[in-house]
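Thanks for coming. I'll walk through one model this morning, going from helix packing to the DNA.

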Protein chains: 2
Amino acid sequence: MNSHGQLPPKARLLQAAAELLANSAGKPVSTRQITELAGVTAPTLYHHFGDKEGLFNAVIDAGFEEYVAGEHNFTPTGRPLVDVRQIWDNHLKFGLDNPQLYSVMFGNIRPESRPARVAEAEGFMEEMLEKAAAAGQLCVSPQEAARSILAANVGVTLMLIAEPAAERNFDLSDMTREAVISAVSSETELDAAGAPVGASSVVVAAIALNAALESSHPEQLSTTELKMFLEWLDRIAKTS
Amino acid sequence: MNSHGQLPPKARLLQAAAELLANSAGKPVSTRQITELAGVTAPTLYHHFGDKEGLFNAVIDAGFEEYVAGEHNFTPTGRPLVDVRQIWDNHLKFGLDNPQLYSVMFGNIRPESRPARVAEAEGFMEEMLEKAAAAGQLCVSPQEAARSILAANVGVTLMLIAEPAAERNFDLSDMTREAVISAVSSETELDAAGAPVGASSVVVAAIALNAALESSHPEQLSTTELKMFLEWLDRIAKTS
DNA sequence: TAGCACCTATAACATCGCTATATGAAGTGA
DNA sequence: TCACTTCATATAGCGATGTTATAGGTGCTA
């Protein structure tokens, strides 16, 4: 009756759960459905995964990471903010393709399991944003930027999941995405001919800071501290 | 045994449901709990509210609207975008005060019932944004703006609900709020008080340099020098 | 062979949302 | 006053859910 005869029970459970979660649009999936499709009985599920949520988390572990950042959907371009857009779109696509799974991950309360998943999603985002920050494209810390972008991404995804697939207007996603990205980025878009900032990014940033300090002196440092700071900054800026 | 003896059963059910939803942090609330606290039996619930979700919707109808836009929390200022900020903050506060109720409303999938609630919340936002549009402060349609702002608002609220109350950082809310508002508004970037938004260029440059140094350490400074340098850099970056 | 983990099945438990049916109360018209 | 209707509540139970106590294999090591 099931088509997973040759796999071990644990893998069959994972596969059955993923299949049912993906196909049953919206409606909850029961453990009995899962075990029946997998061709095992209930205790097998609880032996391997603890409880229903454990199984769902395992499905997510197996699928989410590769789906969002996997090779099929994402190849870094070297331009951080472009990659951030790609991460946003992949996140949205994952949510729309796996609405049930997505709501378990992001729409639920559970203060125990959710932060781990959220932190993972934040990780991708932050990784990219650190590169953006290194290139001087960020006006806030990568952590703050990642949290803000992810929050908006989740909100948009839940919003679009909730409305009928036929009426979905992706302008909402594009508009909100650009809003949060432009709010955390410090400069206008990097132009098409703009050279990617590689190993010299430290120097570039040091020069930029040096120039900025010319016109505005921070109150956080004493004059002696500032003098020494500027000297070191100068040493860094003269590298090449 | 219950404290709602004098009210009619329908009102007792509403009150019991609201009380249980507000207090049982995270865990689902059963119809049996509700009917027991209300001092009635199951069919009474289904007679008045159809099903469990109908009762929850009734609780929301009774509480959400007045909470978000009620007199106690909201008095229009006449400046539409200021009011939009107030709606955002009230929305967030409602979510944090009623996490269980909130997740039923916004974190769930149900494509049948959710859009109605969402549309209601969108209504408040759109109302204000139409005034903003009439005043020439919008660069997109009020509908689009309301959807984008609400989506971000929901995402931020779910994000903050999910993390322990002690660690909640409301900068996430403020930052994201200003991001989406400024993206839909046609005016130059001004905050609530009318001052330009954005960090100074010194801070921007400091953050960029800090991030750049994460991946590449310069050889021009000794480790002790670098340590002190990074500390000062951190102090500068935290200005604002 | 004996023993020992590991894995799985039988069978059931407690609870869930919900309802078929019946009973009481309250008004209405004769 | 007496049916008759209508609304509101209760009794009792259904089917489905997540979960588990118990026991039976299955294969490996000694």
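Let me begin in chain A, where helix α1 (residues 9-23) and α3(A) cross at roughly 95°, their axes coming within 10 Å. Axes here are lines fitted to C-alpha atoms, for helices over the stretch in contact, and angles run from 0 to 180 degrees between N-to-C directions. Helices are DSSP runs of H or I with at least four residues, strands are runs of E with at least two, and both are numbered from the N terminus. On the wording: angles under 35 degrees count as roughly parallel, over 145 as roughly antiparallel, 65 to 115 as roughly perpendicular, and the rest as oblique.

Which residues meet there? From α1(A) they are P9(A), K10(A), L13(A) and L14(A), and from α3(A) they are T44(A), L45(A), H48(A) and F49(A). Contact means heavy atoms within 4.5 Å. By class, the contact of α1(A) with α3(A) has five nonpolar residues, two polar and one charged. Ala, Val, Leu, Ile, Met, Phe, Trp, Tyr, Cys and Pro count as nonpolar, Asp, Glu, Lys and Arg as charged, and the others, Gly among them, as polar.

Before I go on, some housekeeping. This is a predicted model, in which local features need pLDDT of at least 70 and side-chain atom pairs count only at pLDDT 80 or more, while totals for chains, interfaces and linings use all residues. Residues are numbered from 1 along each chain as its sequence is written, chains are lettered from A and ligands numbered from 1 in the order in which they are written, and side-chain values use heavy atoms, with hydrogens and water left out.

Staying in chain A, helix α5 (residues 80-97) packs against helix α9 (residues 171-184) at an angle of about 140°, with the axes 11 Å apart. The two helices, α5(A) and α9(A), are therefore oblique to each other. On the α5(A) side the contact includes W88(A) and L92(A), and on the α9(A) side it includes V180(A) and I181(A). Six nonpolar, two polar and four charged residues make up this contact of α5(A) with α9(A).

Now to the pair between chains. Helix α8 (residues 142-162) of chain A and helix α8 (residues 142-162) of chain B pack at about 115°, with axes 7 Å apart. That angle makes α8(A) roughly perpendicular to α8(B). α8(A) passes α8(B) in a right-handed crossing; a crossing is right-handed if the near helix is turned clockwise from the far one by less than a right angle, and left-handed if anticlockwise. Among the residues that meet are L150(A), G155(A) and M159(A) in α8(A), and L150(B), G155(B) and M159(B) in α8(B). This contact of α8(A) with α8(B) divides into 14 nonpolar, two polar and two charged residues.

A residue is near a strand or molecule if one of its heavy atoms lies within 4 Å of it. The largest share of the surface near DNA strand C comes from α3(A), with four residues.

For DNA strand D, 17 residues surround it, and the closest are T31(A), R32(A), K52(A), P9(B) and H48(B). Sugar and phosphate account for 52% of the atoms of DNA strand D that come within 4 Å of the protein. Which helix gives the most to the surface near DNA strand D? α3(B) does, with four residues. An N or O atom in the side chain of R32(A) lies 2.8 Å from a base nitrogen of DNA strand D. For K52(A), a side-chain N or O atom is 2.5 Å from a phosphate oxygen of DNA strand D. The surface near DNA strand D has seven nonpolar, six polar and four charged residues.

Conventions:
Polar contact = N/O pair within 3.5 Å; in protein donor to acceptor, adjacent residues only side chain to side chain.
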